Amino acid sequence: MPELKEETAQNVVNYVDGLKEQLVKSRRDFHMHPELGFLEYRTTSLIVSELREAGYEVLTGKDACKEDARMGLPSEEDDKAAIARAIEEGADAEFVKSIAGGHTGAVAIMRNGEGPVIGMRFDIDCLPLNETTAEGHFPADHGFTSKHPASMHACGHDAHITMGLGVAKAMAALKDQWSGTLKILFQPAEEGVRGAQAMVEAGHVDDVDIMLGQHVWPHAFEEFDFAPGSGGALATSKFDVDFKGLAAHASGAPEKGKNALLAACTAVLNLYAISRHSGGSTRVSVGKLQAGDTRNIVAEHAHFEMEVRGENTEINQYMADRARTVVKAAAEMYECDFTMEKMGEAISLESDPELMDEIAKAGEAVGIRPKNPQWEEMTASEDYSYMMKRVQENGGKASLMLFFTPSKVGLHSVDFSVDESVLVKGVKVFTATAMAYMPSK
C-alpha cells in the first residue's frame with residue numbers, strides 16, 4: 001500500500017513553500033510568452049534547460065513525440081516565424097533549430113533505484129486569443145499580459161508548465177526520500193487535442209504504473225482545494241473541411257460554376273441536424289467558415305473548421321461518421337470535391353477510484369484539501385485521456401486531478417487568469433502522491 005511518512009510530507013511542504021516566489025515568476029514569464037500548439041519553441045527550450053540543470057535525462061524532438069502521430073501541424077511559414085521569435089526572446093538558438101518542424105515538447109526521466117514508474121503529464125501550449133488589457137484583469141494590473149498577438153494562456157497551461165517544473169525540482173531535491181522511476185511529460189498541442197497521441201505512440205507511458213495529470217479548474221468551492229479525480233470528459237474529433245468547386249461569372253454563366261460556398265453552407269446546416277444519440281450526450285460545432293473571392297463570382301473554394309463530441313468514445317464515433325456522411329452528400333449535391341482532415345481527437349476518460357483515495361490522502365498530508373466526494377465531472381475534452389487509457393489497459397492506474405481556482409469567467413476566456421496560490425498546491429499534491437507510491441528503500 002502507498003505510504004507517505006509524516007517526515008517526508010513535512011519535507012515536501014518545506015521545500016515547495018520555498019519555491020513560491022520562483023513559481024510565480026516562472027508562471028508570469030510563460031504567460032507573457034504564450035505559444036500555439038507545435039510552435040512552443042521558447043517554452044520547450046526553457047523547460048529543457050531547467051530539467052537538465054535539475055539532473056534529468058531529457059528526451060526532445062522526434063524522441064519526445066512520434067512524428068507521424070502528430071495532428072494539425074502549423075504551416076512552414078508559421079513554423080519559421082515562431083522559431084525566429086523564440087530565439088529573439090531568449091530561447092537557445094541551436095536547440096530550437098534542432099527541433100524545427102513542430103517537434104516541440106519534452107520528456108524528463110529520473111531513474112532513482114528500484115520501485116514503480118510514476119508518470120505525470122503537463123501541457124504547454126496556448127490558445128489563439130487576444131488577451132484583454134482591461135483594468136481588473138490580474139495580468140494587466142501586474143504587467144504580464146501576453147506579448148504575442150492572437151496568443152494567450154487562456155486555459156491555464158502557463159500554470160501547468162510551472163507546476164511541472166516545480167514538481168521536477170522538488171523530486172530531484174528530495175531524491176534521497178523516494179525510490180523508483182519518474183517520468184514527466186511536457187506535452188505540446190493539447191488545445192485541439194492534437195499532441196498526446198504522439199507521446200503515447202512513442203511509448204513513453206507503456207511502462208508507467210501510476211499516471212497523474214491535472215487541470216486548473218474555475219470553481220466556486222471555497223472549502224476544497226482540488227478534486228483528486230475526474231471523469232465524464234467528452235470524447236471529441238476535430239476536422240478541417242475543404243470544398244473545391246469551379247468559378248464562373250455569377251450573372252453571365254452561373255450554370256457553368258460549381259458553388260463551393262453553397263456546398264459548405266449546406267453541410268454546416270445539416271451537421272447541426274444530425275440526430276442525437278439515445279446513449280448519451282452529443283455536441284457539434286462549426287466555429288469558422290470562409291468561402292469565395294468576391295460577390296459576382298461563383299465560389300470556387302470553401303473551408304470550415306468543425307468538431308463533434310460524444311459522452312463516450314462510441315457515441316463520438318457515431319457523430320464523426322454521420323458528419324462525414326453529411327459533408328460528402330453536400331459535396332455531391334453541388335458537384336464539388338472535398339477533403340475532411342482530422343485535426344485532433346480525444347477519447348472519454350475516468351479516473352481510478354483507488355488512486356483518487358491515495359491522492360486525497362497525500363493531499364491532506366501536505367495541507368491541501370481534497371473535495372469530498374473526490375470525483376468531479378469534467379465536461380470539456382482532454383487528450384490526456386489517451387495516456388490514461390494506455391496505462392489502464394496495461395494494468396496501471398491513472399487520474400486527472402482538478403485544481404480549483406476562483407475566477408469570474410471560464411476557461412478559454414480573454415480575461416481568464418489563475419489564482420497563483422494554485423501553483424504551490426499543485427506541486428505539493430503531485431510530489432506527495434509520487435513519494436507515497438515510491439517510498440525510499
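Predicted model: local features only at pLDDT ≥ 70, side-chain atom pairs only at ≥ 80, totals over all residues.
Let me begin with the aromatic side chains. A search of the whole structure finds six aromatic pairs. One of them joins F122 and F430, whose ring centres lie 4.8 Å apart with 45° between the planes, a tilted arrangement. This pair connects distant parts of the chain: F122 belongs to strand β3, residues 117–123, while F430 belongs to helix α13, residues 421–437, and 308 residues separate the two. How accessible is F122, buried or exposed? F122 is buried, with a relative accessible area of 0%. F430 is likewise buried, and its relative accessible area is 0%.

F430 also pairs with F403. Here the centres are 6.5 Å apart and the planes stand at 20°; an angle under 30 degrees counts as stacked, and the pair is therefore stacked. This pair, too, links distant parts of the chain, with F403 in strand β13, residues 397–405, and F430 in helix α13, 27 residues apart. Both F403 and F430 are buried. Which residues do ring pairs link into a cluster? They are F122, F186, F226, F403 and F430.

A further ring deserves mention for a charge. The charged end of R70 sits over the ring of F38, at 5.8 Å from the ring centre.

I turn now to the packing of helices. Two packed helices are described by the angle between their axes and the distance between the axes. Helix α3, residues 41–53, and helix α7, residues 157–173, have axes that come within 10 Å and cross at roughly 10°. Angles under 35 degrees count as roughly parallel, and α3 and α7 are therefore roughly parallel to each other. The crossing of α3 past α7 is right-handed. On the α3 side, the contact is made by T43, I47, E50 and L51; on the α7 side, by I161, L165, A168 and K169.

Helix α11, residues 353–365, packs with α13 at an angle of about 115°, and the axes are 8 Å apart. This crossing of α11 and α13 is also right-handed. From α11, the residues in contact are L355, E358, I359, A362 and G363; from α13, they are V429, A432, T433 and Y437.

What does E358 contact, leaving aside its neighbours within four places in sequence? Its contacts are M1, P2 and Y437.

Next, helix α12, residues 384–393. Its buried residues are Y384, S385, Y386, M387, M388 and V391. These buried residues pack against β3, β4 (180–187), α8 (196–201), β5 (210–218), β11 (337–346) and β13. Just after α12, G395 takes a positive phi of about 95°.

S407 is partly exposed, with a relative accessible area of 28%. Not counting residues up to four places away in sequence, S407 touches P218 and F416. How far apart are the C-alpha atoms of S407 and V284? They are separated by 27 Å, and the two residues are 123 residues apart along the chain.

Technical notes: Residues numbered from 1 in each chain as written. Heavy atoms only, no water. Phe/Tyr/Trp six-rings, centres within 6.5 Å; stacked < 30°, edge-to-face > 60°. Helix = DSSP H or I, 4+ residues; strand = E, 2+ residues; numbered from the N terminus. Buried < 20%, exposed > 50% of the residue type's maximum accessible area, 1.4 Å probe, protein only. Lys NZ or Arg CZ within 6 Å of the ring centre and 35° of its normal. Axes fitted to C-alpha atoms, helices over the stretch in contact; angles between N-to-C directions. Parallel < 35°, antiparallel > 145°, perpendicular 65-115°, else oblique. Left-handed = near helix turned anticlockwise from the far one by under 90°. Contact = heavy atoms within 4.5 Å.
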